[in-house]
Amino acid sequence: MSVSIGPSEAAATNAGIESLSMCGHHEPETQIMRQARLCEWWHGGIVAAACGAAISAAGVSAQPPPGEQGRPSSGVDAAVARLMEYDADGNGTLSGSELSDSRLRALFQRADRDNNGTLTKSELTEQLNQDLASIPRGPRGPGDRGQGPGARGPVGPQPGQILPPFLQDELNLTDAQRRELRELQRDVDARLARILTGDQQRQLRQMRDRGPGGPPGRGTGGAPAGGRPQRP
Amino acid sequence: MSGPLLLPGRRRFLGAVGAAFFTTPGLFAEQLLLPSPALTEGPFYPDKLPLDQDNDLILIKDSITPAVGTITHLTGRVLTSTGEPVKNATVEIWQCDANAVYLHTRDSGPNSGKQDRHFQGFGRCTTASSGEYRFRTIKPVPYPGRPSPHIHVKVKRGDRELLTTQIFIRGHEGNLRDGVYAGIRDLIDRELVLADFEPINDSKIGEVQARFDIVLGRTPDEREYRPQ
């Protein structure tokens with residue numbers, strides 16, 4: 001089954017391949033899995049439209065390849081584990097002097113329910129779950145409420161995109177519907193290409209697909225560097 | 001203990017050798033700070049740098065007309081992961097003006113009617129020996145497609161870029177609707193890009209201050225910790 005790839009996807013793929021080779025990923029894989037992995041790396045687990053359309057066309061769900069991310073699936077567990085590494089005396093709680101990073105003071109105080117100057121794992125877990133649950137609903141809201149950032153996060157609609165992937169998921173589109181949507185998207189892309197000038201198309205592509213501005217890499221202990229859609 | 005220790009990280013090393021070593025003064029006293037997460041540069045890093053590139057974005061050169069917006073004193077330190085100050089690093093910030101127009105031909109061209117010509121849009125500062133940087137700018141506002149107000153930041157040494165990220169307002173309702181902020185998978189990383197924009201009590205014009213420390217995962221001359 002052939003996968004039709006538009007110019008934007010091709011640009012993303014090519015740029016992504018160059019960047020990825022710097023990360024030293026060389027295991028053999030199919031073209032489809034490479035696209036999935038590039039998109040996952042680029043967008044930090046968020047599938048953007050350009051990648052989402054190509055991957056849905058191939059019938060592959062855009063999950064990160066197994067083993068790519070070694071963290072637990074719930075964002076809360078990962079975050080708690082990350083902070084509990086600061087438990088220097090290993091007593092299972094975090095004191096203000098153990099977690100002395102001023103940038104985390106707000107979280108510390110928010111989570112310290114009983115206000116006793118120490119954070120237990122359960123206080124931390126409860127606070128982070130609460131933070132996640134406060135994700136607002138609505139047309140611009142993320143599609144993965146309650147799943148935490150370990151699952152694919154939200155992505156805003158890209159210009160020219162009819163229904164971003166998270167919306168397709170939210171609406172529970174059938175395979176047939178997704179196929180028709182892909183065809184509609186191809187029609188829209190084609191007509192838009194006739195409406196816009198070459199320069200305008202290039203600009204739009206750059207906005208969607210430009211790679212990281214800074215040095216690429218897996219990032220340090222957190223989100224992948226530069227793996228974000230190009231948002232102002 | 002005998003033999004070379006090949007454990008990759010300080011924390012795993014500590015876990016392996018047990019509690020006795022916590023009493024060794026100075027050796028493990030400092031903790032590694034969490035590195036500031038990198039975030040997308042976005043499409044509007046200025047393509048033409050303004051004539052005035054200082055750290056005061058409210059006033060351009062000799063102009064006496066300030067930019068529109070809530071005056072914000074943005075300060076912080078650039079640190080290594082071991083907490084040491086990074087001096088002589090260049091910190092750059094850029095953001096849209098109070099009318100949500102960026103200083104970039106692709107944005108200010110089409111939107112020239114709305115652009116606040118008194119807003120510098122971009123600023124640069126060199127860190128002091130304490131690692132401190134400071135800017136005077138406006139409190140960021142939302143931008144179409146970006147419900148979360150933010151300030152772009154870039155840290156460089158010479159031509160070499162060390163980090164590109166963004167500063168968000170703690171508690172702003174737009175954060176969780178924003179594709180970039182809510183796309184930060186790690187919940188702790190989300191904390192690390194937040195700053196409190198707090199009113200300055202003495203200010204008669206409603207100025208605010210924001211403190212944002214930047215921790216670099218790697219610096220050009222940082223020596224890697226190696227177990228003895």
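Tutor: Chain B of this predicted model has a mean pLDDT of 85, and 82% of its residues reach 70 or more. For the complex, the predictor gives an ipTM of 0.78 and a pTM of 0.61.

In one of them, the side chains of A:Arg82 and B:Asp186 meet at 2.9 Å, N to O. This pair joins two chains, because A:Arg82 lies in helix H4 (residues 75–84) of chain A and B:Asp186 in the loop between helix H3 (179–182) and helix H4 (187–192) of chain B. Both A:Arg82 and B:Asp186 are buried.

Next, look at B:Glu191, whose side chain meets that of A:Arg110 in a salt bridge at 3.0 Å, N to O. Here too the pair joins two chains, since B:Glu191 lies in helix H4 of chain B and A:Arg110 in helix H5 (residues 105–111) of chain A. B:Glu191 counts as buried at 6% relative accessibility, while A:Arg110, at 31%, counts as partly exposed.

B:Glu191 also forms a salt bridge with B:Arg170, with the closest N and O atoms 3.4 Å apart. That pair links distant parts of the chain, 21 residues apart, with B:Arg170 in the loop between strand S6 (160–169) and H3 of chain B. Through shared partners, salt bridges join A:Arg110, A:Asp131, B:Arg170, B:Glu191 and B:Asp196 into one network.

Conventions: Residues are numbered from 1 along each chain as its sequence is written. Chains are lettered from A and ligands numbered from 1 in the order in which they are written. This is a predicted model: local features need pLDDT of at least 70, side-chain atom pairs count only at pLDDT 80 or more; totals for chains, interfaces and linings use all residues. Side-chain values use heavy atoms; hydrogens and water are left out. pLDDT is the predictor's confidence in each residue, from 0 to 100. A salt bridge is a side-chain nitrogen of Lys or Arg within 4 Å of a carboxyl oxygen of Asp or Glu. Helices (H or I, at least four residues) and strands (E, at least two) are DSSP runs, numbered from the N terminus. Buried means under 20% relative accessible area, exposed over 50%, partly exposed in between (1.4 Å probe, protein chains only).
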